[in-house]
Amino acid sequence: MSKDTLNRYLFDNADVRGQIVQLEKSYQEILAAHTYPAAIQGLLGELMAATSLLTATLKFDGDISVQVQGTGPVSLAVINGNNLQQLRGVSRWDGDIPADADIAQLMGQGHMVITLTPTNGERYQGVVALDKPTLAECLEQYFAQSEQLPTAIRLFANGKQAAGMLLQVLPGESDHNAEFEHLEQLTSTIKAEELFELDATEVLHRLYHQEEVRLFDPIDVTFSCTCSRERSGQALRTVAKAELDSILAEQGKIDMGCEYCNSNYSFDSIDVEALFNNAPTSDTQQ
Ligand SMILES: [Zn+2]
C-alpha cells in the first residue's frame, strides 16, 4: 500500500467530512535524527499525524506548528508543517523514560500550543491544557475551543508507523449532531493495526460500508527540513562578532547543527568575515 498519504473524504448523506493520515517513511526520517526513547517515538508519531490532519483543515497557505511543553521529563515535542504537507519535528527530554509512559508521565503539567501562520494574514495561536489521558482528546478540546465544530480525532503511533483520523461537522452545519454522533461512533471502532495495515479505501469500507462516502485523491506527506546554510548564517549574524572570533580562534570553525535533521553547517573565519561584510559565503555543507 502507499504510505505517507493524507486522504480526505466526504459523506454524501451527512454534512460531515473526514481525513485519514498514514505515515511511515516521513515518520522514520523524523525519528532518525535522535535516539528517542520508545514513549517519545510514540508521542512524535501522534503529533505528526495530528499536525497533518490539522494542516488539511486549514483554509489558507502557510505554516503550522503543534507543540507540547511541560514540566515532566519531556520539556518539548514539536512538529512543524505547512500546507504542502511537509513536516519536520524534534523533542527534548531528560533522563530515563518508561516505554509505556502516558501523556501525564511524559509531560507533567503541560499544554499544547498550536500556531497557525498564514503566508498572508495574521498569526493565530491556540493553547489547551494537556489534562486528558490522550493527545487526541486534548486536540478535540482545541477544536471545541477554537472552531466550535464537533470534531473527533484518533491518533496512533508505534515507533514504526503513525496514523490518525479526523471527523468533523462541516462549517455552518452544526445542527447535524445526530448524524455526526452516529458516524463518530462508527469511526471510534477503528484499531491501530487497521490504520497501519489497510489502505484508505479499505478503512472506509470497513467503517462505513452502509454509508455513501466520497474519497478524494491522496495527498503526499513528506519529511522536509527548512534549515539551510543561509539561515544558519543569518543566525550567526545576530551574535556579537567578537564572540564568533573567539570561537574561531579556539576551534578554527563554527559548526551550526540543525536539531531537526542533523545537518551541519560549518563556517570558517573567511565565511564569518563574509557574513559580516554581507557577501555570499562558500557553499560547503558537511
Ligand atoms: Zn534541518
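Visitor: Which residues do ring pairs link into a cluster?

Guide: Tyr9, Phe11 and Tyr208. Keep in mind that this is a predicted model.

Visitor: How should I read a pair of rings?

Guide: Now take a case. Tyr9 and Phe11 have ring centres 5.7 Å apart. Their planes stand at 80°, so the pair is edge-to-face. The cut-off for that label is over 60 degrees.

Visitor: Are Tyr9 and Phe11 buried or exposed?

Guide: Both Tyr9 and Phe11 are buried.

Visitor: How many aromatic pairs does a search of the whole structure find?

Guide: Five. One of them joins Tyr142 and Phe143. Their centres are 5.5 Å apart, with 75° between the planes. That pair is edge-to-face as well.

Visitor: Why does Phe143 count as buried?

Guide: Buried means under 20% relative accessible area. Phe143 counts as buried because its relative accessibility is 0%.

Visitor: Let's turn to the metal. Which residues coordinate the zinc ion?

Guide: Four cysteines do, each through its SG atom: Cys225, Cys227, Cys258 and Cys261. The distances run from 2.2 to 2.3 Å.

Visitor: How do I judge the geometry of such a site?

Guide: Look at the angles. The ideal value for four tetrahedral donors is 109.5 degrees. Here the angles among the four donor atoms of the zinc ion are 104 to 116°. The site is tetrahedral.

Visitor: What spacing do the donors follow along the chain?

Guide: The pattern is C-x1-C-x30-C-x2-C. Now pick out Cys227 and Cys261, which lie 34 residues apart and link distant parts of the chain. Cys227 is in the loop between β12 (222-223) and α8 (229-236). Cys261 is in the loop between β13 (254-257) and β14 (264-267).

Visitor: Are those two cysteines buried or partly exposed?

Guide: Partly exposed. Cys227 has a relative accessible area of 21%. For Cys261 the value is 23%. The label applies because the range for partly exposed starts where buried, under 20%, ends.

Visitor: Where is Gly233?

Guide: In helix α8. Gly233 is buried, with a relative accessible area of 1%. Setting aside residues up to four places away in sequence, Gly233 touches Phe267 and Leu275.

Visitor: Which charged residue sits over the ring of Phe276?

Guide: Lys241, with its charged end 5.8 Å from the ring centre. Look next at Tyr260. Arg88 lies over the face of that ring, at 3.7 Å from the centre.

Visitor: Now the whole chain. How many helices and strands does the protein chain have?

Guide: There are 10 helices and 14 strands. The C-alpha atoms fill a box of roughly 70 × 40 × 35 Å along the principal axes. The chain has 286 residues, and 45% of them count as buried.

Visitor: What part of the contacts comes from residues 24 or more positions apart?

Guide: They account for 61% of the contacts with a separation of 6 or more.

Visitor: And the surface?

Guide: The accessible surface of the protein chain is about 14,200 Å². Carbon and sulfur atoms hold 45% of that area.

Definitions and conventions. Residues numbered from 1 in each chain as written. Predicted model: local features only at pLDDT ≥ 70, side-chain atom pairs only at ≥ 80, totals over all residues. Heavy atoms only, no water. Donors = N, O, S within 2.8 Å, 3.2 Å for Na, K, Ca; no water. Tetrahedral: all angles 85-135°; square planar, octahedral: opposite > 155°, others 65-115°. Helix = DSSP H or I, 4+ residues; strand = E, 2+ residues; numbered from the N terminus. Buried < 20%, exposed > 50% of the residue type's maximum accessible area, 1.4 Å probe, protein only. Phe/Tyr/Trp six-rings, centres within 6.5 Å; stacked < 30°, edge-to-face > 60°. Lys NZ or Arg CZ within 6 Å of the ring centre and 35° of its normal. Contact = heavy atoms within 4.5 Å. Areas by Shrake-Rupley, 256 points an atom, 1.4 Å probe, with all protein chains shown as cover.
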